[in-house]
Amino acid sequence: MFDEDDLAEIREGKERWEEETYDPTVDRFGERKETFETDTGGQEVDPLYTPDDVGDRDYDEEIGYPAQEPFTRGVYSTMYRGRLWTMRQYAGMGTAAETNERFLYLLDQGQTGLSMAFDLPTQMGYDSDAEMAEGEVGKSGVAIDSLEDMERVFEGIPLDEVSTSMTINAPASILLAMYIAIGDRQGVPREELRGTIQNDVLKEYVARNTYIYPPKPSMRLITDIFEFCAEEVPNFNTISISGYHIREAGSTAAQEIAFTLGDGIEYVQAAIDAGQDVDEFAPQLSFFFNAHNNVLEEVAKFRAARRMWARIMEERFGAENPGSKQLKFHTQTGGSTLTAQQIDNNVVRVAYQALAAVLGGTQSLHTNGKDEALSLPTEKSVRTALRTQQILAHESGAADTIDPLAGSYYIEHLTDTLEEEAFEILREADDRGGMREAIESGWVQGEIQDVAFERQREIEEGERVIVGVNEFEVEDEEPTDDIETVSDEEVAKQVERVEELRAERDDEAVEAELEALREACETGENVMPHIVGAVKAYATTGEVADAMRDVFGEHRGGV
């Protein structure tokens, strides 16, 4: 965009400014810190950026236009001028009835999409009455033991009018099957079902550990879902390849991009190896990123990730369909940035993180409640979180033009820098055999742990300021009493419902469906039709997961 003569003149002008204006001021008054760096990446931030930091680039090839390759500026031609991002608030309130009540409340308050949190036993494929579920039922989200619970969650909510995101991984096939079954019973054509399942098991081995099966059969389940949904549920996103939890575990922004796209590469290759056409399934892929506090770094991160994915899909996989190259993503504000101290400060953190996501072009957004460092959010705090998005959409002006920070010398430089660093990390992962082998060897986990350790050291030694935690503290802070809890009585009722279901259903029909599922697992037949059949017969989550455990075994931890 600038020829070499222009850049040379700008370079000379900056040098004169530094010598005559900037350096004398610094010598006299100093600066707040010896060095300024991006939030997690450690890239040094210069005091001033000029066209020289952007260089002589080809605008069409490297920045371009919305909805056109390389998608740096967004995946849709009108972005928020045509339609705002989907506003989702994560909700799973212990029991199905409470979750239904929260969903209806949020829809009434103007939320445009549902986002479903599950308790730990459900995430691990256990029923509420299992020994392994004790003490965890309903604690981190809703307990879903059977189709009966899902029916209760979506009572009065027509599935052809909402988009539902389900944060579920190892048993994603089971929860998706339940959602499809509800749609069938509501009379909603499967092609009208919209939403997303997270279904990203590779990051479970890296960052969360809520896996069930070993990596190989887990990947097989994912590709079965790809194939089934491409034919049966074409408007449902079959995976949300998640950098969110990688960032929560402590990664840098560049690592979040690299490891997330690296997992995406593994999923695409696995589907191709299973005989699927990349341009058939790839448009249904979606991604899930974190939004942290450094607004400008986060905007650059999202722009870099879009550009990288377009290049990866074309160069590595020969994708031709533009939809296959579009990185569509959901964003959640950073849970690990929330503090239990002075929780009202979290409202401010969330607002800036949400702004970064919108300026970066997200397709949907969850804003954390201020009390999520303590528990599931209360109705009041989740309303404030939703209002944050609505104010951003309707009052801030941030949604009125597309990619508003494009052309900023700093943003474009940082976008390039993050892209270069992320590609370098991906190359190292490739040298180690790809992401799956890099995960199994423990390299990915080690890289993230090193960053997390250093960040914690900086906080403890006061090098990194966390407002209200190691600076600007208050004495005698009032305790927060208004938090969501799950009572022992509610847990007992959930266990009782599971036992009543088993007593009342047709056990022969259940066993027939589970046996057909085991056979499909053994023969290589697509498992999804059999899982749908099993949940419609009211097989429980644990029973369906166990049928697959019988064939696939369990992953026993470590790598």
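Helix H16 gives the largest share of the lining of the second largest cavity, four residues. What you're looking at is a predicted model, where local features need pLDDT of at least 70, side-chain atom pairs count only at pLDDT 80 or more, and totals for chains, interfaces and linings use all residues. Residues are numbered from 1 along each chain as its sequence is written, and side-chain values use heavy atoms, with hydrogens and water left out.

Let's stay with that second cavity. A cavity here is a set of points on a 1 Å grid over the protein atoms alone where a 1.4 Å probe fits but cannot get out, and lining residues have an atom within 4 Å of a point. This one holds about 60 Å³ of space, a volume being the space filled by probe spheres set on the points, which are joined across faces, edges and corners. Helices H15 (345-359) and H16 (379-394) each supply at least two lining residues; helices are DSSP runs (H or I, at least four residues), numbered from the N terminus. Among the lining residues are Asn346, Val347, Lys370 and Thr388.

Now for the largest cavity, with about 70 Å³ of space. It's lined by 13 residues, and Met79, Tyr80, Val358, Gly361 and Asp403 lie nearest its centre. In all, the structure holds six cavities of 30 Å³ or more.

Back to Val347, which sits in helix H15 and also lines the second largest cavity.

Technical notes: 1 Å grid on protein atoms, 1.4 Å probe; cavity = no way out; pocket = protein on both sides within 12 Å on 5 of 7 lines; lining within 4 Å.
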